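This report covers the overall build of a protein and then the setting of a single side chain.

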Amino acid sequence: MIRSFKDRINEVEGEEFPSKTYRKMVLQPAYDEAKKYFLHSMIQIHTAHLKMLEEQGIVSQEDAVTIGKAIQTLDVDYYSTDHYNPLFEDLFFRIEHDLIEDAGEIAGNLHIARSRNDMGIAIYRMTLRKKLLELMSEMLALKDALIAFCEEHVDTVMIGYTHTQQAQPTTLAHYLKAVIDQLGRDFKRVQSAFGTVNRSSMGAAALTTTGFAISRERMRDLLAFDDIIENSWDAVAGADYITESASAVQLSALNLGRTVQDFLTWATQEFNVFTLADPYVQISSIMPQKRNPVSIEHMRSLLSAVVGDTNTVLTMVHNTPFGDIVDTEDDMQPFLWKAIDRLIGIYQLFGSVVLTMKVNKKKLLERAESSFANVTELADTLVRSEQITFRQSHLIVSNCVKALVVAGEESLMSLTWQLANDQAQIVLNKGLLITEEDFYKTLRPQHFVAIRTIYGGPSTETMKASLEQSKEFTKEAMHWLNDKERRIIDAEIQLATFKTDWGKT
């Protein structure tokens, strides 16, 4: 009975590596990912490693030219569209086979002093660093968009909420400047992750380096890495470069998700904070009046998908052995790439939605005026004008609000100087010193905002200065970003030059 089952499995799966299911579940997807993401990096590593071996005298100039010509003739377009061949375990062995076919057995020396282990980690890092740079570029683009939007709304008064309840008047710019600052911190976290990612594993070989006199420093420079992973075990076993990246991406998605949730609430007709432009809404199939804010809805769900994909990365690393192991390799890497690509698209969509939406300034101001959100400033003002403690002032104002609520009033604009004076008589045993003109001035939300000139506050001039600081941050960040991108491009150009020179020899 057991034998019959075994025979049936062998008939379906085959009796040689790879089995049909293993090929379908593991090797085929890994090959497809490799030819899409790794092909150029792999050839660049071949070129850099050959140049280093030649410079170190490990491979002769004549052999380097022979191998270099074979590398130059590799047809990238062919490999990028070619199907998986079970004769070769992966893309590396496929290309190595073709190099030997072209240059002869001498091409086997290209693998001196290296392993698929240190190569694989280098390729992962080269792939991830470009995605992180692309993500950071989009972060800065969104930051610029939000700054431009804030400059248009430094005087757009609205109510700020705490514990989901009306709290104090502020401005739309003040709210979004907090989002900008948070985005700046997200940038710094991804920037820090880039520093961890952009380190060279080359020269670690399988685990313990090599007896050949190679130059790990030269490989670092040729491949535009900023540093070397010193310990060779760490170079092939350490996975924190990807978990740090996943954590930074995940936190970025969580942060933006909170703002997107606010936007979805504000898009309701009850809140009526803004109206989305036509490209970002859909109509109902049955209700003609509907303008569904689907762009915001999808952003919220897709941000959750980013969190899920990055959490998958963290879960797959959890409790894995500290060594070279597949748990941290082909199966896991695509989850982070997909999360980054998705977050990049969300940033683009969010920036477009914000810049094109129409803000209902009049409604926001009316809502602020017809609320009790302004009472904090009245309490503060009475402390200054009456020379009393804040608790005494708080009691006077609180009693006034309670009296208005009992009378069925819903707005601080219903509060009179006389009512406040009566409450002062009760609490202080004396009337108010503040003039009626100054008293009523404190009830206006515009005054509430204007008087908050403290660093970080919502007043117009304070906000303008704060936005200028954000512009400076963006300039510095963009300079750093351009420098990293330029170094990678320059290194790729140099490697292409090596191939061309070998081809001419």
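## Basis of the model

Helices (H or I, at least four residues) and strands (E, at least two) are DSSP runs, numbered from the N terminus. This is a predicted model, in which local features need pLDDT of at least 70, side-chain atom pairs count only at pLDDT 80 or more, and totals for chains, interfaces and linings use all residues. Residues are numbered from 1 along each chain as its sequence is written, and side-chain values use heavy atoms, with hydrogens and water left out.

## Overall form

The protein has 20 helices and 6 strands. Its radius of gyration is 32 Å, well over the 23 Å that the globule rule gives for 505 residues, so the protein is more spread out than a compact globule. That radius is taken over C-alpha atoms, and the globule rule is 2.2 Å times the number of residues to the power 0.38. The C-alpha trace spans about 100 × 60 × 40 Å along its principal axes.

## Burial and contacts

Of the 505 residues, 48% count as buried (under 20% relative accessible area, with exposed over 50% and partly exposed in between; 1.4 Å probe, protein chains only). Among contacts (heavy atoms within 4.5 Å) with a separation of 6 or more, 76% are between residues 24 or more positions apart.

## Lys-51

Lys-51 lies in helix 3, which covers residues 39-55. Its relative accessibility is 18%, so Lys-51 counts as buried. Leaving aside residues up to four places away in sequence, Lys-51 touches Leu-222, Phe-498 and Trp-502.
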